Amino acid sequence: MLDFIGVDTLIAELTVAIGLAVVVGNGLAFYKARRGHRPEGVQADAAFRPARAVFLIGAGTLMAAWGLASILGR
C-alpha cells in the first residue's frame, strides 16, 4: 500500500545509511583510541571500551548488509 510513496525503499536506504554511519563513527573512535587521542571535554577517569566499539561495528555492518540486501532483492 505504501509502495506508491516509496516508503519501503526509503526504509531500506535509511537502514544502510545508519548502519554505515555506525561503522564509520565507531571505526574512527576505535582508530583514534588506539593512537592515544582523547576527545576534548572527556573526563580524565573516563575509559574507552574497545569491546563495545567492536560490537557496534559488527552491528552496523549487519544493518548495512541487511538494508543493501533489501534494496537489491526487489
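These legends describe close-up views of a predicted model. Local features need pLDDT of at least 70 and side-chain atom pairs count only at pLDDT 80 or more, while totals for chains, interfaces and linings use all residues. Residues are numbered from 1 along each chain as its sequence is written, and side-chain values use heavy atoms, with hydrogens and water left out.

**View 1. Helix α1 spans residues 7–35.** Helices are DSSP runs of H or I with at least four residues, numbered from the N terminus. The expected span is 1.5 Å times one less than the number of residues. For the 29 residues of α1 that gives 42 Å, and the end C-alpha atoms are 42 Å apart, so the two values agree. Just after α1, Gly36 has a positive phi of about 95°.

**View 2. Helix α2 covers residues 50–72.** Its 23 residues should span 33 Å at 1.5 Å a residue. The end C-alpha atoms lie 33 Å apart, which agrees.

**View 3. Buried residues of α1 pack against α2.** Buried means under 20% relative accessible area, exposed means over 50%, and partly exposed lies in between (1.4 Å probe, protein chains only). In α1, the buried residues are Ala12, Val16, Gly19 and Asn26. In α2, Ala53, Gly60, Ala64 and Gly67 are buried. The cover over the buried residues of α2 includes α1.

**View 4. Asn26 sits in helix α1.** Asn26 counts as buried because its relative accessible area is 18%. Contact means heavy atoms within 4.5 Å. Leaving out residues up to four places away in sequence, Asn26 touches Ala53, Leu56 and Ile57.

**View 5. Phe30 and Phe48 form an aromatic pair.** Rings of Phe, Tyr and Trp (its six-membered ring) pair if their centres lie within 6.5 Å; planes under 30 degrees apart count as stacked, over 60 as edge-to-face and the rest as tilted. By this rule the count is 1 aromatic pair. Phe30 and Phe48 are 6.2 Å apart, centre to centre, with 55° between the planes, and the pair is tilted. The pair links distant parts of the chain, 18 residues apart: Phe30 is in helix α1 and Phe48 in the loop between α1 and α2. Phe30 is partly exposed, at 24% relative accessible area. Phe48 is partly exposed too, at 39%.

**View 6. Leu10, Leu14, Ile18 and Met63 form a nonpolar surface patch.** Together they have about 340 Å² of accessible area, from the Shrake-Rupley method with a 1.4 Å probe, where for residues only the protein chains shown count as cover. Patches take residues with over 30% relative accessible area and no salt bridge; nonpolar side chains (Val, Leu, Ile, Met, Phe, Trp, Tyr) are joined within 5 Å, and like charges within 9 Å. A salt bridge is a side-chain nitrogen of Lys or Arg within 4 Å of a carboxyl oxygen of Asp or Glu. Helix α1 gives the most to the patch, with 3 residues. Leu14 lies in α1 and is partly exposed, at 45% relative accessibility.

**View 7. Pro39 lies in the loop between α1 and α2.** Pro39 counts as exposed because its relative accessibility is 57%. Pro39 and Arg74 are 35 residues apart in sequence and 42 Å apart in space, C-alpha to C-alpha.

Technical notes
Helix = DSSP H or I, 4+ residues; strand = E, 2+ residues; numbered from the N terminus.
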